[in-house]
Amino acid sequence: DIPGHEGNRLNAAYAFGGPELLLETLEQNLGLEVNRYVLVNFQAFAGLVDAVGGVDLELSNEEVQYVNGYLTEYNNLEGRPEGTDYLDSTLSGDLHLNGPQALAYCRIRYIGTDFGRTQRQREVLSAVIKQAPKAVLTNPAGLMEGLLPNLTTNLTEAECRQLSLQVLSLMSYEIVQSSIPIQGSYQNASIRGMSVLEVDFVANKAYIRENIYGK
């Protein structure tokens with residue numbers, strides 16, 4: 001249920017009303033009490049990965065092929081020469097990815113359905129977070145240059161300053177991952193011609209209350 005609109009996929013909330021409507025939709029449907037956001041574009045994501053020195057990930061050869069395919073689109077978007085940052089198409093296994101390559105990896109949506117895509121995104125973010133404390137100390141200018149021109153936020157300047165002072169301690173937190181909807185709480189459905197997941201929101205709200213808010 002998207003406030004002020006007919007029911008739709010969750011990402012439609014962002015298309016209809018930006019991050020503010022998306023946050024309102026998350027709170028209404030899942031009880032997530034979030035009122036601050038940081039919105040990053042492709043350039044910011046790639047810049048962040050580059051600022052921490054890239055990421056080491058295990059890729060199948062099929063994933064390597066898709067990375068090169070998404071790099072074609074990114075290179076066109078950024079006005080970079082065709083073939084820039086392409087991986088050797090014969091490779092597989094443990095690979096070191098730079099920012100554009102990691103972005104392309106995160107965008108793969110044709111291997112393992114959309115759940116596979118979100119898993120790849122979490123892998124990259126986990127690797128970035130693991131390396132971020134070192135980058136904060138050794139490459140703070142690179143972090144700022146890669147992020148600040150390419151993000152939008154409703155955090156105030158004072159809030160940003162306060163968070164920056166806590167960054168090293170925040171990065172030391174244990175990372176716990178999960179995905180919503182939780183296993184066994186959804187089924188495939190077709191609604192108004194859209195292939196969607198029909199979700200048990202009561203079960204997912206209860207999971208979130210327990211695992212995020214401890215209630």
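Is Arg 117 buried or exposed? With a relative accessible area of 18%, Arg 117 is buried (buried means under 20% relative accessible area, exposed over 50%, and partly exposed in between, with a 1.4 Å probe and protein chains only).

Before moving on, a word about what is on your screen. This is a predicted model, in which local features need pLDDT of at least 70, side-chain atom pairs count only at pLDDT 80 or more, and totals for chains, interfaces and linings use all residues. Residues are numbered from 1 along each chain as its sequence is written, and side-chain values use heavy atoms, with hydrogens and water left out.

**Stop 1: a salt bridge within a helix**

Asp 114 and Arg 117 are separated by about one helical turn because they are three residues apart in helix 5, residues 113–138 (helices are DSSP runs of H or I with at least four residues, strands are runs of E with at least two, and both are numbered from the N terminus). Asp 114 counts as partly exposed, at 38% relative accessibility.

**Stop 2**

A search of the whole structure finds eight salt bridges. For another of them, select Glu 6 and Arg 192, whose side chains meet at 3.6 Å, N to O. This pair links distant parts of the chain, 186 residues apart: Glu 6 is in the segment before helix 1 (10–30), and Arg 192 is in the loop between strand 5 (186–191) and strand 6 (194–199). Glu 6 counts as exposed at 54% relative accessibility, while Arg 192, at 47%, counts as partly exposed. Look at the backbone of Arg 192 too: its phi is positive, about 50 degrees, although it is not a glycine.

**Stop 3: Asp 85**

Now go to the loop between helix 3 (61–78) and strand 3 (93–97), where Asp 85 is found. Asp 85 has a positive phi of about 70 degrees and is not a glycine. Its side chain meets that of Arg 80 in a salt bridge of 2.9 Å, N to O. Asp 85 is partly exposed at 22% relative accessibility, and Arg 80 is partly exposed at 24%.

**Stop 4: two packed helices**

Next, select residues 42–51 (helix 2) and 99–106 (helix 4). Helix 2 and helix 4 pack at an angle of about 120 degrees, with their axes 7 Å apart (axes are lines fitted to C-alpha atoms, for helices over the stretch in contact, and angles run from 0 to 180 degrees between N-to-C directions). The contact is made by Phe 42, Phe 45, Ala 46, Val 49 and Asp 50 of helix 2 and Gly 99, Pro 100, Ala 102, Leu 103 and Cys 106 of helix 4 (contact means heavy atoms within 4.5 Å).

Zoom in on Val 49, which is buried with a relative accessible area of 1%. Leaving aside residues up to four places away in sequence, Val 49 touches several residues, including Leu 97, Val 124 and Val 128.

**Last stop: a cis peptide bond**

Finally, select Ile 180 and Pro 181, which are joined by a cis peptide bond with omega of about 5 degrees. Pro 181 lies in the loop between helix 7 (157–171) and strand 5.

Methods:
Salt bridge = Lys/Arg side-chain N within 4 Å of Asp/Glu carboxyl O.
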